[in-house]
Amino acid sequence: MTEYRSAFLQTLAQRGYLHQATDAEALDELAQKPQGITCYVGYDCTGPSLHVGHLLSIMMLRRLQQAGHKPIVLMGGGTTKVGDPSGKDEARKLLTVEDIAANMASIKTVFNRFVKFGDGPTDAIMVNNADWLDKLNYIEFLRDYGRHFSVNRMLSFDSVKLRLDREQPLSFLEFNYMILQAYDFVELARRYNCNLQMGGSDQWGNIVNGVELGRRAHDLSLYGLTCPLLMTASGQKMGKTASGAVWLNEDMLPTYDYWQYWRNCDDADVGRFLRLFTDLPMEEITRLEKLQGAELNEAKKILATEATALCRGREAAETAAETARKAFEEGNFGGALPVVKVDRARLEAGIEAFALVLEAGLAKSGGEARRHIRGNAIKLNDKPVAEETQKIGTADLGADGRLRLSFGKKQHVLIEAA
């Protein structure tokens, strides 16, 4: 491992955030200077919430601020209108201006948990690239900046090359995305003295374009740094589960489910996730990741509570942990479990078990729900569901108007008659 002198890069290296850097030595020197680093990460507004897959770059902004530098959260109000082709097999669905604005308002709420905003020298700021992209004069922009981009080089970047190699269409609109992202970096450098862009490794080509555009067009010294795209030990993309994405916003995913995502991680991921997604000191993480067997489950509970506390608040995290403890240690399933409301008339008629399992989010398809039941993995009020087409109805409701469906020992959903 390269030895860095700045606290910022030391932390990134020790905790496993570093993947690529355009000039790590010069960046390390800059991070030791009084003026420090001003760094941005961009987030397009394609949905109402970010998910755990975005959390790595958010945590990097947190580490940056903890080391005494200034973070910029860039909302992609402009670039969302184009769509980033990176890592995509097809073009993103184009959203209306109203949809983008609503998504942006929803996404913004989570960042207050991770970085401190304000007017101080190291306080984070949030900006919207629509503020400058929406005002661009196309001919003037092409004349001033288009001449600095080589189409030959652009065709070599993975975001473009993979689509072309698979003979999948790539629109001219999407092809422009990397130019707009590069221009974002230049604009942030001019407006806010931003000198570093961070992102996932799939953004490397886009980031390098911005660094080079700053140098060619305005003789700016800019830097790029990426984190690895994380896969779990089981080979699954970070942030995806059988029941869907692990959303950061509470209105998209209950805190109990968020806590359970971390609690249910693979044994091999515990140490890595503690480094990346909690503020626990390295000495404590080293101790926890050495635990074996049943003791490792305690480390997973600590991971779940600490990661949830950062995203949802300490009180909510501890409530989720206590709900889980009661459920698994005392058999008492509290009201903090996720609740799915089902029309009472449907329950009176009876709903086939596999269909209700799917509706509860315990499977991602009807076929998977059927397999869960055939494998004796689904329980109704603690009793195994024997048949895929078994009718579940009002007779199964408790005095509180709810029944409980469970997948294995760790995933539980309350079904409530509405």
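**Note on the predicted model: helices, cores, surface patch and salt bridges**

1. Isoleucine 139 has its place in helix H6, where a helix is a DSSP run of H or I covering at least four residues, with numbering from the N terminus. The structure is a predicted model, in which local features need pLDDT of at least 70 and side-chain atom pairs count only at pLDDT 80 or more, while totals for chains, interfaces and linings use all residues. Residues are numbered from 1 along each chain as its sequence is written, and side-chain values use heavy atoms, with hydrogens and water left out.

2. With a relative accessible area of 62%, isoleucine 139 is exposed; the classes used here are buried for under 20% relative accessible area, exposed for over 50%, and partly exposed in between, with a 1.4 Å probe and protein chains only. Together with Tyr138, Leu142 and Phe172, Ile139 makes a nonpolar surface patch of about 450 Å², and helix H6 (residues 138–145) supplies the largest share of that patch, namely three residues. Such patches take residues with over 30% relative accessible area and no salt bridge, joining nonpolar side chains (Val, Leu, Ile, Met, Phe, Trp, Tyr) within 5 Å and like charges within 9 Å, and the areas come from the Shrake-Rupley method with a 1.4 Å probe, only the protein chains shown counting as cover for residues.

3. Helix H12 (residues 255–263) is mostly covered, since eight of its nine residues are buried. The buried residues of H12 include Tyr258, Trp259 and Trp262.

4. In the largest nonpolar core, which has 69 residues, Trp262 and Phe277 touch the most other members; a core is a set of buried Ala, Val, Leu, Ile, Met, Phe, Trp, Tyr and Cys residues joined through side-chain atoms within 4.5 Å. Phenylalanine 277 touches, among others, Leu55, Met59, Met238, Trp262 and Leu310, leaving aside residues up to four places away in sequence, where contact means heavy atoms within 4.5 Å. A second, separate core of 29 residues includes Leu133, Met154, Leu180 and Ala182.

5. Asparagine 206 is found in helix H11 (residues 204–218) and counts as buried, at 2% relative accessibility. A polar contact of 3.3 Å joins the side chains of asparagine 206 and glutamine 181; the term covers a pair of N or O atoms within 3.5 Å, of which, within protein, one must be able to donate a hydrogen and the other to accept it, and residues adjacent in sequence count only if both atoms are side-chain atoms.

6. A salt bridge is taken as a side-chain nitrogen of Lys or Arg within 4 Å of a carboxyl oxygen of Asp or Glu, and by this rule the count comes to 21. One of them joins the side chains of glutamate 29 and arginine 5 (2.0 Å, N to O), linking distant parts of the chain, with glutamate 29 in helix H2 (residues 24–31) and arginine 5 in the segment before helix H1 (7–15), 24 residues apart. Glutamate 29 is partly exposed at 34%, whereas arginine 5 is exposed at 54%.

7. Arginine 346 forms a salt bridge with glutamate 359, with the closest N and O atoms 3.0 Å apart. Because arginine 346 lies in helix H17 (residues 344–349) and glutamate 359 in helix H18 (residues 353–359), the pair ties together parts that are 13 residues apart in sequence. Arginine 346 is partly exposed, at 36% relative accessible area, and glutamate 359 also counts as partly exposed, at 33%. Elsewhere, salt bridges that share partners join Arg62, Arg63 and Asp279 into one network.

Technical notes
Helix = DSSP H or I, 4+ residues; strand = E, 2+ residues; numbered from the N terminus.
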